[in-house]
Amino acid sequence: MSMDAGTMTMLEGLDALRAEIEASLREAPDLRALDEARVALLGRKGRVTDLAKGLGRLSPEDRPAAGQAINRLKAEAEALLQARRDHLAAAEMDARLQAERVDVTLPARRRSAGAIHPVSQVMDEIVAIFAEMGFAVAEGPDVEDDFHNFTALNIPPEHPSRQMMDTFYLEPEEGTVPFVLRTHTSPVQVRTMRTGKPPFRVIAPGRTYRSDSDATHTPMFHQCEGLLIDRRTHMGHLKGCLIEFVRAFFERDDITTRFRPSYFPFTEPSAEMDVGCRRTKDELVVGEGSDWLEVLGCGMVHPKVLKAVGLDPAQWQGFAFGMGIDRMAMLKYGIPDLRTFFEGDAGWLRHYGFSPLDLPTLFAGLSR
Ligand code: PHE
């Protein structure tokens with residue numbers, strides 16, 4: 001079969017164009033350049049289209065073969081285009097992933113803007129220790145009524161300890177007994193026992209108030225109450241529980257302790273717990289030495305308190321304790337002045353505060 005000259009030129013041009021197409025598609029550096037090349041070659045005014053337009057000038061016998069050759073070229077060009085497009089898209093995605101990478105192994109920023117106050121830290125530590133022993137956290141109101149703060153705790157109206165406590169009274173309404181700012185967290189004992197069913201195992205950290213202000217007293221301070229009520233609870237349980245607590249709290253197993261007889265209207269017998277300490281000129285080391293430091297008050301819940309909340313003392317007994325949280329914080333972290341706790345000084349907090357990212361737990365360490 002012979003071809004005319006026009007057809008020959010066209011097919012030669014086609015070969016040249018194929019080489020050009022291969023080169024320009026293969027070398028397109030990015031998706032944009034690739035698209036420009038596509039328009040220039042395969043677009044409505046592109047080179048391949050131009051070539052197809054020339055078909056009309058060929059002899060009718062040559063037209064089908066030339067047409068097929070152009071269609072093949074088109075298909076080849078489309079395939080090359082698609083391959084290059086996939087390659088460039090993948091490369092672009094790789095580059096983006098690399099650029100926008102987040103290193104999840106980076107440590108958290110060491111210096112956060114805020115810090116946990118030593119009082120909050122110590123509360124969290126106390127809660128962590130007692131939670132491990134099965135105690136739940138209970139709460140009560142700061143504004144308390146006379147019954148919960150005093151009467152139910154075996155402190156009747158004329159009892160001298162009402163004076164001892166330097167109570168803040170709220171303005172009474174005509175003919176009613178005034179509310180008070182709770183002078184201790186012990187009213188939470190009463191609330192717990194009146195509203196729940198025994199056995200009980202709770203601690204109650206919170207704010208307390210007494211009209212007292214000097215180097216070692218602030219009108220608002222913090223206490224943590226503890227209460228355990230069960231069928232056959234005795235003083236040995238109280239001692240074991242509290243010795244275990246101070247060991248965990250001061251983070252030393254060899255801590256020495258002592259229980260001294262004491263008096264509270266709501267416990268019988270009552271005791272105060274001391275931990276051993278050593279005082280040097282400018283240091284106080286807790287846990288060793290021949291001096292003693294009082295850390296908390298405790299005792300077996302008085303039968304009158306049990307009766308006041310509707311429990312039968314022949315069936316249920318238990319122990320209670322109360323400690324000053326601020327004082328525990330001063331002892332553990334060597335903070336010399338109580339009043340600085342409540343001054344809101346940012347520099348002080350930066351120095352004595354704790355990272356919000358280090359939650360105290362018994363297994364990871366209470367204070368690190
Ligand atoms: N409520 C007592 C106080 O404020 C502490 C205490 C609590 C003592 C429970 C014994 C039992 O000093």
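In which strand is Pro269 found? Pro269 belongs to strand S7, residues 267-280, where strands (E, at least two residues) and helices (H or I, at least four) are DSSP runs numbered from the N terminus. This is a predicted model, in which local features need pLDDT of at least 70 and side-chain atom pairs count only at pLDDT 80 or more, while totals for chains, interfaces and linings use all residues. Residues are numbered from 1 along each chain as its sequence is written, and side-chain values use heavy atoms, with hydrogens and water left out.

**Domains**
- The protein is divided into domain 1 (7-98) and domain 2 (118-352), with bounds that come from an automatic or database domain assignment.
- Between the C-alpha centres of domain 1 and domain 2 the distance is 87 Å.

**Ligand site**
- The ligand sits in the largest pocket, a pocket being an open set of points on a 1 Å grid over the protein atoms alone, with protein on both sides within 12 Å along at least five of seven lines; to sit there, a molecule must have more than half of its atoms within 2 Å of the grid points.
- The elements that give two or more residues to the shell around the ligand are strands S5 (220-230), S9 (291-301) and S10 (317-324), and S10 gives the most, with 3 residues.
- Around the ligand there are 14 residues, of which His184, Ser186, Arg210, Gln223 and Glu225 come nearest; a residue counts as near if one of its heavy atoms lies within 4 Å.
- By class, this shell has 5 nonpolar, 7 polar and 2 charged residues, with Ala, Val, Leu, Ile, Met, Phe, Trp, Tyr, Cys and Pro taken as nonpolar, Asp, Glu, Lys and Arg as charged, and the others, Gly among them, as polar.
- A nitrogen atom of the ligand lies 3.1 Å from a side-chain N or O atom of His184, a nitrogen atom of the ligand lies 3.0 Å from one of Ser186, and an oxygen atom of the ligand lies 3.0 Å from one of Arg210.
- The protein covers 90% of the 330 Å² of accessible area that the ligand has on its own, as given by the Shrake-Rupley method with a 1.4 Å probe.

**Backbone geometry**
- The peptide bond from Glu268 to Pro269 is cis, with omega near -5°.
- A cis peptide bond also joins Pro198 and Pro199, with omega about 0°, and Pro199 is placed in the loop between helix H8 (187-195) and strand S4 (200-209).
- Asn154, although not a glycine, has a positive phi of about 65°, and Asn154 lies in the loop between helix H6 (146-149) and helix H7 (161-164).

Key
A polar contact is a pair of N or O atoms within 3.5 Å; within protein, one must be able to donate a hydrogen and the other to accept it, and residues adjacent in sequence count only if both atoms are side-chain atoms. On a 1 Å grid over the protein atoms alone, a cavity is a set of points where a 1.4 Å probe fits but cannot get out, and a pocket is an open set with protein on both sides within 12 Å along at least five of seven lines; lining residues have an atom within 4 Å of a point.
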